[in-house]
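Subject: Structure for your review

Dear colleague,

Please find below the structure I promised to pass on, followed by notes on what turned up in it. I would be glad if you could read the notes with the model open beside them.

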Amino acid sequence: MVNVPAGAKLYAVDLAAVARAVESNKFVKRAVVRRNPPLALQVTVMERVPVAYLASDKSAELLMVDDEACILPRAPGRTIFDVPVIAGIAASVCDSVGLCVKDASLATALEVLRLGRMTTGDVPHIISEVDMRNSNEIVLYAVDAGIPIRLGNGALAEKILKLDGFWKAMVASEGVQRIKAIDLRFHDQVIVVPDPAQTEKKG
């Protein structure tokens, strides 16, 4: 991608042009090119790191997105990232591969994931999906048993902290078998919907 011909004079190379060429790769966030006398160019690359897969109702292709809302193609080869899925994003967003997009639903979903990564507990690892089909009623799905976690909208930082505290205090010690859903839409409380089937088995 550097595309500098063999035998080119070191100080005749256009460093900015080389950087642009390297940055044309959609997985490259930033490239810095320096001369390393007497005979070499040094290219330092910062890669874009996917933080989620993107699923659209109108596209069968599962794309990826980084923390700057840059839409990335599927990683080449068999590389699989252990990241959650953001579902319900507009098809037009998924048409913007290689671009950083401004989309309110996607920005909110990325904020939820960012807040999760800031916690000290298991929240980043328990979220398998962020459902944005209704941006006023955001729903997370837990890796364990696909339990829906209803966030609603607004006060997201507070709700993620509540989820973190609840998971540490209750779920980590008692498990998720008896939980059908978790509701964080109400102020200063976590509502747990029990699984009737598991309750009956225990009785």
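Contact, as used throughout this message, means heavy atoms within 4.5 Å. This is a predicted model, in which local features need pLDDT of at least 70 and side-chain atom pairs count only at pLDDT 80 or more, whereas totals for chains, interfaces and linings use all residues. Residues are numbered from 1 along each chain as its sequence is written, and side-chain values use heavy atoms, with hydrogens and water left out.

The chain as a whole

The secondary structure of the protein chain comes to 6 helices and 11 strands, where helices (H or I, at least four residues) and strands (E, at least two) are DSSP runs numbered from the N terminus. The radius of gyration of the protein chain is 22 Å, well over the 17 Å that the globule rule gives for 203 residues, so the chain is more spread out than a compact globule; the radius is taken over C-alpha atoms, and the rule is 2.2 Å times the number of residues to the power 0.38. Along its principal axes, the C-alpha trace spans about 80 × 35 × 30 Å.

Of the 203 residues, 36% count as buried, and here buried means under 20% relative accessible area, exposed over 50%, and partly exposed in between (1.4 Å probe, protein chains only). The accessible surface of the protein chain comes to about 11,700 Å², and 52% of that belongs to carbon and sulfur atoms; these areas come from the Shrake-Rupley method with a 1.4 Å probe, and for residues only the protein chains shown count as cover. Among the contacts in the chain with a separation of 6 or more, 47% are accounted for by residues 24 or more positions apart.

Buried positions and their neighbours

Leucine 163 lies in helix H5 and is buried, with a relative accessible area of 0%. Leaving aside its neighbours within four places in sequence, leucine 163 is in contact with Val123, Ile126, Leu140, Ile149 and Leu184. Its C-alpha atom is 12 Å from that of alanine 181, which is 18 residues away in sequence.

Helix H5 covers residues 156-174 and also holds tryptophan 167, which is buried at a relative accessible area of 5%. Between the C-alpha atoms of tryptophan 167 and leucine 15, which are 152 residues apart along the chain, the separation is 51 Å.

Isoleucine 86 sits in strand E6 (residues 85-87) and is likewise buried, with a relative accessible area of 0%. Not counting residues up to four places away in sequence, isoleucine 86 touches a list of residues including Ala52, Tyr53, Leu54, Val65, Leu106, Leu110, Val130 and Met132.

An exposed position

Glutamate 47 is in strand E2 and counts as exposed, at 58% relative accessibility. With residues up to four places away in sequence not counted, glutamate 47 touches Phe27 and Lys29.

Cysteines

A search of the whole structure finds 0 disulfides, a disulfide being a pair of cysteine sulfur atoms within 2.5 Å. Cysteine 70 counts as buried, at 1% relative accessibility, whereas cysteine 100 is partly exposed, with a relative accessible area of 43%.

Backbone features to inspect

A cis peptide bond, with omega about 10°, joins proline 37 and proline 38, and proline 38 is found in the loop between strand E1 (28-36) and strand E2 (40-47).

Asparagine 3, in the segment before helix H1 (15-23), has a phi near 55°, a positive value in a residue other than glycine, and is exposed, with a relative accessible area of 73%. Alanine 69 also has a positive phi, near 65°; alanine 69 is found in the loop between strand E4 (59-65) and strand E5 (71-72) and is buried, with a relative accessible area of 9%.
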